[in-house]
Amino acid sequence: MRRGAGRGSEAEPTYVVHVSTVSRTDGFGFSKLKRQTPMSCIGVLCALLRAKERAMAVTLWRGAAILLCCVCLCASAEEDCVLGIVGKPVILPCLYSNLRTALNFSIEWRKNDTAVLRSLWDEDGNVETWSLNHVGIPTDAPLTKNFSLELPSARVKDDRSQYSLFLLSGENQSAPLCTQCLRVAASFSTPEVMKERSGEAYESTYQCHSSGGYPKPAVYWLFNNSQEPPIGSVTTRAQLLRGSDLYNVTSRLTADASNDTTVSCIIENPALNETLAFTYGASRRPVEWRPSQGMWIFSTVLCVLVAIMVIAGVCYQIKLDKISKRLKKEYEEPQRGEQVKTSRESLLHVNHSSHFRPGSSRRELHGLSMKP
């Protein structure tokens, strides 16, 4: 007897096709079933969906675990790298105490696959060193076991380079005795924010600029030190300086900001763990004017003016005294000349008169000559 025959001719073909599809495609032990009720078929489908969901969840968890491991490995690799500042010396540490040979051996530092330093110690203790770009190691390295590589100046082209130390003996070489990776960074200048005119009536454009840093920074904008700007309102561009490997960064923000809103530009250099910020339109306290301050300023200005006037009066009086003395001297000199001339004429006149007065004595003539 066929179930569901009374429900019409269309129910049987649909039921048969559905059961045949399940029996051919599943692999869960349902191939022997040829006729099942619709409820049992729905249960089968639910079981399949649950199995697929579990498999998908396991796959997602595995992918997340792999991704987390990669992130952890990258983070540990970044932390183990030596950080050098552009233009400053940097040392790649290497202490190797298992070196038994003190003479007649050579070592070689390599940057990636290129040799940058090679030193050879002979039997007499003399050392011959060849280096690239003036790199070096301590001269007493065999005694102190300190084979650290000294770079005179960190360069941007050395960023993310791997340095390895090898011990050479003839044509043979050892495994790397030391391996160091180098990260290079440079600080950006303090950002400057300027407000520009915008074509829209209710929009303002702010430009943030900083230069001289490495690597490329992350730039953020904030309104009132808390609110982020709308998506698509910020445009940031980083360019290399001419003749340098350092970056200039310029960021523009176009948004609707009132006059009371503070706009902050934040430049973050993750390599140095450095954050620089500048706030445009920072609120300032109004200057409070007090009568006491006004009186103090007025008295100070008055004292300064009085002092200037006194100094000017003293200088003028000194000048007048000098002029008076000069005029007096010029006046007295002609008067003295006239007195001398008059006395001489009087003396001559007396002498001339004595020749005509026979009774005049020499003492009288001498007394006349002594009178002024």
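These exercises walk through a predicted model of one protein chain.

**Exercise 1. Get an overview of the chain.**
How many helices and strands does the protein chain have, and what percentage of its residues is buried?

Solution. 
- Step 1. Start with the secondary structure: five helices and 16 strands.
- Step 2. Turn to burial. The chain has 372 residues, and buried ones make up 25% of them.
- Step 3. The accessible surface comes to about 27,900 Å². Carbon and sulfur atoms hold 57% of that area.
- Step 4. Look at the contacts with a separation of 6 or more. Residues 24 or more positions apart account for 54% of these.

**Exercise 2. Find the disulfides and describe the one at cysteine 81.**
Which cysteine is joined to cysteine 81, and is the disulfide left-handed or right-handed?

Solution. 
- Step 1. Search the whole structure. Three disulfides turn up.
- Step 2. Pick out cysteine 81. Its partner is cysteine 181, with an S to S distance of 1.9 Å.
- Step 3. Check the cut-off. A disulfide needs sulfur atoms within 2.5 Å, and this pair has 1.9 Å.
- Step 4. Read the torsion about the S-S bond. It is about -110 degrees, so the disulfide is left-handed.
- Step 5. Cysteine 81 sits in the loop between helix H2 and strand E1, while cysteine 181 is in strand E9.
- Step 6. Judge the cover. Cysteine 81 has 18% relative accessibility, so it counts as buried.

**Exercise 3. Describe the disulfide of cysteine 94 and cysteine 178.**
What is the handedness of this link, and which parts does the pair tie together?

Solution. 
- Step 1. Take the distance. The sulfur atoms of cysteine 94 and cysteine 178 are 2.0 Å apart.
- Step 2. Take the torsion. About 75 degrees makes the disulfide right-handed.
- Step 3. Locate the ends. Cysteine 94 lies in the loop between strands E2 and E3, and cysteine 178 lies in strand E9. The pair therefore ties together parts that are 84 residues apart in sequence.
- Step 4. Check burial. Both cysteine 94 and cysteine 178 are buried.

**Exercise 4. Sort the aromatic pairs.**
Which pair is edge-to-face, and which is stacked?

Solution. 
- Step 1. The whole structure holds two aromatic pairs.
- Step 2. Tyrosine 206 and tyrosine 280 have ring centres 5.6 Å apart. Their planes meet at 65 degrees, so this pair is edge-to-face.
- Step 3. Tyrosine 206 lies in strand E11 and tyrosine 280 in strand E16, 74 residues apart in sequence. Tyrosine 206 is buried at 2%, whereas tyrosine 280 is partly exposed at 31%.
- Step 4. Tyrosine 214 and tyrosine 247 are 6.0 Å centre to centre, with 15 degrees between the planes; this pair is stacked.
- Step 5. Tyrosine 214 is in the loop between E11 and strand E12, and tyrosine 247 is in strand E14. Tyrosine 214 is buried at 12%, and tyrosine 247 counts as buried at 15%.

**Exercise 5. Explore leucine 83.**
Which residues does leucine 83 touch, leaving out those up to four places away in sequence?

Solution. 
- Step 1. List the contacts: Val90, Arg183, Ala185, Ala271 and Leu272.

Methods:
Residues are numbered from 1 along each chain as its sequence is written. This is a predicted model: local features need pLDDT of at least 70, side-chain atom pairs count only at pLDDT 80 or more; totals for chains, interfaces and linings use all residues. Side-chain values use heavy atoms; hydrogens and water are left out. Helices (H or I, at least four residues) and strands (E, at least two) are DSSP runs, numbered from the N terminus. Buried means under 20% relative accessible area, exposed over 50%, partly exposed in between (1.4 Å probe, protein chains only). Contact means heavy atoms within 4.5 Å. Accessible areas come from the Shrake-Rupley method with a 1.4 Å probe; for residues, only the protein chains shown count as cover. Rings of Phe, Tyr and Trp (its six-membered ring) pair if their centres lie within 6.5 Å; planes under 30 degrees apart count as stacked, over 60 as edge-to-face and the rest as tilted.
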